[in-house]
Amino acid sequence: MGEQPIFSTRAHVFQIDPNTKKNWVPTSKHAVTVSYFYDSTRNVYRIISLDGSKAIINSTITPNMTFTKTSQKFGQWADSRANTVYGLGFSSEHHLSKSFCIQFAEKFQEFKEAARLAKEKSQEKMELTSTPSQESAGGDLQSPLTPESINGTDDERTPDLTQNSEPRPEPTQNALPFTHSSAISKHWEAELATLKGNNAKLTAALLESTANVKQWKQQLAAYQEEAERLHKRVTELECVSSQANAVHTHKTELNQTIQELEETLKVKEEEIERLKQEIDNARELQEQRDSLTQKLQEVEIRNKDLEGQLSDLEQRLEKSQNEQEAFRNNLKTLLEILDGKIFELTELRDNLAKLLERS
């Protein structure tokens with residue numbers, strides 16, 4: 001029967017940044033369909049999601065996988081075969097008894113258990129086989145998946161998904177455990193890294209341009225020497241030659257050569273001016289980087305101050321709770337004493353009433 005979808009939902013797809021291993025990188029611009037597929041021929045479960053014709057999730061469920069629900073709208077799991085971590089951001093659905101994230105997590109656990117049982121059954125079949133042909137058949141059951149089986153064929157892929165305009169739910173604070181101030185720090189660090197990269201590129205370009213300027217200056221000096229030599233040659237030809245027409249033609253050619261050299265010199269001067277502007281831009285970027293570094297340090301200091309204030313507030317809260325508990329205990333003791341006194345006064349009143357009746 002091939003692969004059949006057994007459960008589908010819509011979510012925003014993320015992958016962990018392979019460089020930082022901390023930040024989430026969105027792989028879909030909009031919410032896409034994420035489906036569980038069951039391959040009856042190979043007895044495996046897969047999670048597949050397509051963004052148009054591109055497969056952004058193709059993960060085979062194994063017994064070692066775990067789906068971690070970090071919030072009501074975000075969950076993640078690690079795929080060792082793909083060497084990545086997938087994240088799903090679900091839209092909030094207040095009218096449903098269960099959120100999509102919980103449903104997806106329950107299905108993940110169910111199919112993970114089914115994959116474990118299928119693996120155990122396959123191993124039992126291998127152990128029970130005794131003939132070489134049976135051992136060969138068991139080996140086929142345990143053969144690793146080919147790239148075609150992992151990526152799926154054209155028939156297994158689901159149709160193009162309709163994009164919608166749902167807002168993308170970003171990973172929550174639980175999914176990426178960073179405080180607000182650390183998020184600001186991350187932003188400035190990213191900006192600083194970008195500026196460092198641009199600065200390195202500009203520095204390399206500046207070094208290359210400086211080398212080119214030296215080469216152009218040498219060429220310019222050679223051109224000037226050539227021009228002076230040509231001028232001298234023109235003068236010599238004018239003085240020595242008796243053929244005016246030949247001299248005039250030669251002079252015209254030399255003048256054209258001089259004009260070409262002057263134009264080349266002008267172009268080189270313009271290139272030098274452009275390189276000077278790039279140097280000024282590089283200096284401005286350096287100043288911006290220094291400013292961002294200082295701001296990052298200030299944010300880190302403020303973050304430490306906030307952490308200290310938070311610790312102080314926690315201590316105050318604990319002290320206040322202890323004082324309230326002591327006050328409640330004292331109040332309970334006073335109430336017990338008051339109840340005893342009221343009881344004694346009641347007995348005294350009854351006794352006085354009895355005495356008055358006797359008298």
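This is a predicted model: local features need pLDDT of at least 70, side-chain atom pairs count only at pLDDT 80 or more; totals for chains, interfaces and linings use all residues.
Q: Why is the pair of Trp24 and Phe74 called edge-to-face?
A: The ring centres of Trp24 and Phe74 are 5.4 Å apart and the planes stand at 65°.

Q: What makes the pair of Trp77 and Phe108 tilted?
A: The planes of Trp77 and Phe108 are at 50°, with the centres 6.0 Å apart. Stacked requires under 30 degrees and edge-to-face over 60, and the rest is tilted, so this pair is tilted.

Q: Why do these pairs tie together parts apart in sequence?
A: Trp24 is in strand β2 and Phe74 in strand β7, so that pair links parts 50 residues apart in sequence. Trp77 is in strand β7 and Phe108 in helix α1, so the second pair links parts 31 residues apart.

Q: How do you know whether Trp77 and Phe108 are buried or exposed?
A: Trp77 has a relative accessible area of 1%, and Phe108 likewise has 1%. Buried means under 20%, so Trp77 is buried and so is Phe108.

Q: Which residues form one aromatic cluster?
A: Trp77 and Phe108 are among its members, including also Phe7, Tyr36, Tyr86 and Phe104. The structure holds 14 aromatic pairs.

Q: What makes up the largest nonpolar core?
A: This core has 23 residues, of which Tyr36, Ile47, Ile57, Trp77, Leu88 and Phe104 touch the most other members. Two or more residues come from each of β1, β3, β4, β5, β8 and α1, and α1 gives the most, with six. Beyond four places in sequence, Ile57 is in contact with Val13, Ile47, Ile48, Ser49, Trp77, Tyr86 and Leu88.

Q: Why is Asp79 said to have no salt bridge?
A: The nearest side chain of opposite charge, Arg81, is 5.8 Å away.

Q: What makes the approach of Ala82 to Asp79 a polar contact?
A: The backbone nitrogen of Ala82 is 3.4 Å from a polar side-chain atom of Asp79. The cut-off is 3.5 Å, so the distance falls within it.

Q: Why is Asn83 called exposed?
A: The relative accessible area of Asn83 is 61%. Exposed means over 50%, so the label applies. Asn83 sits in the loop between β7 and β8 and has a positive phi of about 55° although it is not a glycine.

Methods: Residues are numbered from 1 along each chain as its sequence is written. Side-chain values use heavy atoms; hydrogens and water are left out. Helices (H or I, at least four residues) and strands (E, at least two) are DSSP runs, numbered from the N terminus. Buried means under 20% relative accessible area, exposed over 50%, partly exposed in between (1.4 Å probe, protein chains only). A nonpolar core is a set of buried Ala, Val, Leu, Ile, Met, Phe, Trp, Tyr and Cys residues joined through side-chain atoms within 4.5 Å. Contact means heavy atoms within 4.5 Å. Lys and Arg count as positive and Asp and Glu as negative; His and the chain ends are not counted. A salt bridge is a side-chain nitrogen of Lys or Arg within 4 Å of a carboxyl oxygen of Asp or Glu. A polar contact is a pair of N or O atoms within 3.5 Å; within protein, one must be able to donate a hydrogen and the other to accept it, and residues adjacent in sequence count only if both atoms are side-chain atoms. Rings of Phe, Tyr and Trp (its six-membered ring) pair if their centres lie within 6.5 Å; planes under 30 degrees apart count as stacked, over 60 as edge-to-face and the rest as tilted.
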